[in-house]
Amino acid sequence: MVNSNRKGKVGEREAATILRDELGLSVHRNWAEQAAQGGVDLVGVPFWAIEIKRAKKYLSEWWTQATHQAATVGERPVLIYKLDRGSWKAQICYCAVAPESHLHFKLQMELSDWCSIVREDLCLGKDVRPVRD
C-alpha cells in the first residue's frame with residue numbers, strides 16, 4: 001500500500017533538488033508553514049507559489065489548490081506534478097507569462113520549459129509581480 005504522505009514529501013524533495021540544479025536558487029520545502037496553515041510546498045523561486053503533486057492520475061482540484069495558495073501569498077501559481085512513471089510537468093496560467101493579455105487559460109509544459117521561463121525572467125531582471133485583475 002502506498003503512503004501518500006510519504007510519497008508527497010519524497011516528491012517535494014525531488015522537485016526541490018531539480019529546481020536547485022536547474023535554477024541555481026536556494027529552493028527548499030516549506031514544511032513549517034505547511035504544517036501550520038497548509039502553505040505552498042516549495043519556496044525560493046521569486047514571485048512563484050509552488051505546489052507539488054505526485055500521484056497515479058491528474059486531479060483538476062490541484063490547480064484550484066495552487067491558485068488559492070498563490071493568492072494567499074500574493075505570487076503567481078505553478079503546479080509542478082509527476083504522474084507515476086511519467087516526467088515532471090509544470091502548469092501555469094497564460095497571464096503569468098503574458099500579463100498584458102488578461103487571458104486565464106492553463107498552460108502545461110515540461111518542468112524544464114518552466115525553468116527556462118524563470119531563468120529568462122531572472123536574467124532579464126524582470127519585476128515579475130503576480131497579475132491582479
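Author: Gladly! Let's begin with a term: a polar contact is a pair of N or O atoms within 3.5 Å; within protein, one must be able to donate a hydrogen and the other to accept it, and residues adjacent in sequence count only if both atoms are side-chain atoms. Here, the side chains of glutamine 91 and tyrosine 58 form such a pair, at 2.9 Å. Before we go on, please note that this is a predicted model, where local features need pLDDT of at least 70 and side-chain atom pairs count only at pLDDT 80 or more, while totals for chains, interfaces and linings use all residues. Residues are numbered from 1 along each chain as its sequence is written, and side-chain values use heavy atoms, with hydrogens and water left out.

Reader: Where does glutamine 91 sit, and is it buried or exposed?

Author: Buried means under 20% relative accessible area, exposed over 50%, and partly exposed in between (1.4 Å probe, protein chains only). Glutamine 91 belongs to strand β5, and its relative accessibility of 0% makes it buried. As for neighbours, contact means heavy atoms within 4.5 Å. Leaving aside residues up to four places away in sequence, glutamine 91 touches residues including Tyr58, Trp63, Tyr81 and Leu107. Across the whole chain of 133 residues, 38% count as buried.

Reader: How do I read a nonpolar core, and which residues touch the most other members of the largest one?

Author: In soluble globular proteins, nonpolar side chains tend to be buried together. A nonpolar core is a set of buried Ala, Val, Leu, Ile, Met, Phe, Trp, Tyr and Cys residues joined through side-chain atoms within 4.5 Å. The largest one here has 21 residues, and Leu19, Trp48, Ile50, Ile80 and Trp114 touch the most other members. Two or more residues of this core come from each of α1 (4–23), β3 (48–55), β4 (76–83), β5 (88–93) and α4 (111–124). Apart from it there is another core, of eight residues, including Ala66, Leu79, Tyr81 and Cys93.

Reader: What does isoleucine 50 touch?

Author: If we skip residues up to four places away in sequence, its partners include Leu19, Val40, Val78, Ile80 and Trp114.

Reader: How many residues does helix α3 have, and which of them are buried?

Author: An α-helix has 3.6 residues a turn, so residues three or four places apart point the same way. Helix α3 covers residues 61–73, 13 residues in total, and reaches 19 Å from its first C-alpha to its last. That is close to the 18 Å expected, where the expected span is 1.5 Å times one less than the number of residues. Its buried residues are Trp62, Trp63, Ala66, Gln69 and Ala70. Seen down the axis of α3, these fall within an arc of 130°, so they line one face of the helix. That arc is taken from the directions from the helix axis to the C-beta atoms. They pack against β3, β4, β5 and β6 (106–110). On the other side, His68, Ala71 and Thr72 are exposed.

Reader: How far is alanine 70 from isoleucine 50?

Author: In sequence they are 20 residues apart, and in space 7.9 Å, C-alpha to C-alpha. Alanine 70 is buried, at 1% relative accessible area. Not counting residues up to four places away in sequence, alanine 70 touches Ala49, Glu75, Arg76 and Pro77.

Reader: And how should I read a positive phi?

Author: Most residues other than glycine have a negative phi, and most peptide bonds are trans. Glycine 74, which follows α3, has a positive phi near 70°. Just after α1, glycine 24 has a positive phi of about 70°. Phenylalanine 47 is not a glycine, yet its phi is positive too, near 70°. Phenylalanine 47 lies in the loop between β2 (42–43) and β3, and is partly exposed at 21% relative accessible area.

Reader: Where is histidine 102?

Author: Histidine 102 is in the loop between β5 and β6. Its phi is positive, about 60°, although it is not a glycine. With a relative accessible area of 49%, histidine 102 is partly exposed.

Notes:
Helix = DSSP H or I, 4+ residues; strand = E, 2+ residues; numbered from the N terminus.
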